Amino acid sequence: MTFVDEVKNAVTPRAALLVIGVLGLQLLFIASYVGALHKPKPTDVAFGVVAPQQVSQQLITQLDGLPGGPLDPRTVSSEAEAREQIMNRDIDGALIVSPQGRTDTLLVASGGGTVLSSALERILTQVEAGQQRTVRTVDVAPASADDFDGLSSFYLVVGWCVGGYLCASILAISAGTKPANRQRALIRTAVMAVYAVAGGIGGAVIIGPILGALPGSVWGLAGLGALVVFSVGMITLGLEALTGIVGIGLAVLIIVIAGNPSAGGAFPLPMLPDFWRAIGPALPPGAGTWVARSIAYFCGNAVTGPLLVLSAWAVAGTALTLLLSMRRGAGRDDGSAGTAPPAGGSTAV
């Protein structure tokens, strides 16, 4: 047998295509992470301004015209309203201009990302210095001292996402990517649900009572974790049911390659390029990170939209898994149910 024949026997066309697909995912991974994170800078950060009427519009115009467009300023009626909007996550910071003295107050929320709050402090310090004024910073929602750079919520959600698609991948690899019938699809869904609850509770306990990395409700985080794990796991199972083993790669593309760098974890959303800022909130890592930070630092505010995003992924994955299994079951009823599996093969679960 020639060397070429040996290669043909060793590397099937299907294996070659899968290797090419893996190479594509590798290059996309590099492009996505480096593209999103290599040069973070604030752009159009939602920012409130509380100032006397005679200087308010002039100051907003000045802030709106800063080079690079770092701020998206808007008038806020009072300091109390500015604090409320920050806690509701409608704005990321606010400047309170003193009508008498020359020291103004900058409100930030490092719980939403210390990198962003530091950037706001740097920008406003420069602006105020140009007006011969000074600024003092007040952190309305400070990150925990044990939550370096506010990254714990992101890593928690990444762990949940990894668990979701690994569990789904193991179910597929161990007994066939496409469930043989609806009953077996229901079993996989039930297994995924139980695993999601265990993973959600475990992650919340580790990051809260054990490590003390995040404040906030342990049960709130546990519920979020269960939803994140289940949504990622079910969309992975759905993609596997649709495309076979390729579905694992598609899940990696959605969750790891597109989702993680756009999640607003390492750098909050206002510091990401437009593409990643646009897709982040619609993907499980971004939605999960937002909710985890809201639970930990913002009294659970502004979580309805992200929770609906996670629920939509879970529903879509579950529906895809069950509908495709019903179609396969119908195909077997047409005469294939009694067909023996190929020699050396196993029946899919």
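Let's start with a facing pair: Ala 94 stands opposite Leu 107, which belongs to strand S4. This is a predicted model, so please hear everything I say as a reading of that prediction. The strand that pairs with S4 here is S3, residues 93–96, and the two run antiparallel, with 4 bridges between them. To get from S3 to S4, the chain makes a hairpin through 6 residues.

Now stay with Leu 107 for a moment. Which residue is its bridge partner in S5? That partner is Val 138. Strand S5 covers residues 134–139, and it runs parallel to S4, joined by 6 bridges. As for S4 itself, residues 103–108, the strand is mostly covered, with 5 of its 6 residues buried.

While we are on S4, have a look at Asp 104. Its side chain meets that of Arg 133 in a salt bridge, 2.7 Å from N to O. Asp 104 sits in S4 while Arg 133 sits in the loop between helix H5 (114–130) and S5, so this pair ties together parts that are 29 residues apart in sequence. Both Asp 104 and Arg 133 are buried.

How many salt bridges are there in total? The count comes to 3, so let me show you the others. Arg 83 and Glu 79 make one, at 3.2 Å from N to O. Both of these residues lie in helix H4, residues 79–87, and they are 4 residues apart, about one turn of the helix. Arg 83 is partly exposed, at 32% relative accessibility, and Glu 79 is partly exposed too, at 31%. Then there is Arg 74 with Asp 72, where the closest N and O atoms are 3.0 Å apart. Here Arg 74 counts as partly exposed at 30%, and Asp 72 does as well, at 32%.

Leaving out residues up to four places away in sequence, Ser 169 touches Thr 236, Glu 240 and Ile 248.

Gly 244 is another one to find, in the loop between H8 and helix H9 (246–259). Is Gly 244 buried or exposed? At 7% relative accessibility, Gly 244 is buried. From Gly 244 to Ile 173 is 9.9 Å, C-alpha to C-alpha, although 71 residues separate them in sequence.

For a contrast, turn to the surface. Val 197, Ile 201, Val 205, Ile 206, Ile 210, Leu 211 and Trp 219 form a nonpolar patch there, with about 700 Å² of accessible area together. Helix H7, residues 182–210, gives the most to this patch, with 5 residues. Trp 219 comes from helix H8, residues 218–243, and with a relative accessible area of 65% Trp 219 is exposed.

My last stop is Thr 289, in helix H11, residues 284–297. Thr 289 is buried, at 1% relative accessibility. What does its side chain reach at 2.8 Å? The answer is the backbone oxygen of Pro 285. Setting aside residues up to four places away in sequence, Thr 289 touches Ser 153, Phe 154, Val 157, Ala 263, Gly 264 and Gly 265.

Technical notes:
Residues are numbered from 1 along each chain as its sequence is written. This is a predicted model: local features need pLDDT of at least 70, side-chain atom pairs count only at pLDDT 80 or more; totals for chains, interfaces and linings use all residues. Side-chain values use heavy atoms; hydrogens and water are left out. Buried means under 20% relative accessible area, exposed over 50%, partly exposed in between (1.4 Å probe, protein chains only). A polar contact is a pair of N or O atoms within 3.5 Å; within protein, one must be able to donate a hydrogen and the other to accept it, and residues adjacent in sequence count only if both atoms are side-chain atoms. Contact means heavy atoms within 4.5 Å. Patches are made of residues with over 30% relative accessible area and no salt bridge: like charges are joined within 9 Å, nonpolar side chains (Val, Leu, Ile, Met, Phe, Trp, Tyr) within 5 Å. Accessible areas come from the Shrake-Rupley method with a 1.4 Å probe; for residues, only the protein chains shown count as cover. A salt bridge is a side-chain nitrogen of Lys or Arg within 4 Å of a carboxyl oxygen of Asp or Glu. Two strands pair if DSSP finds at least two bridges between them.
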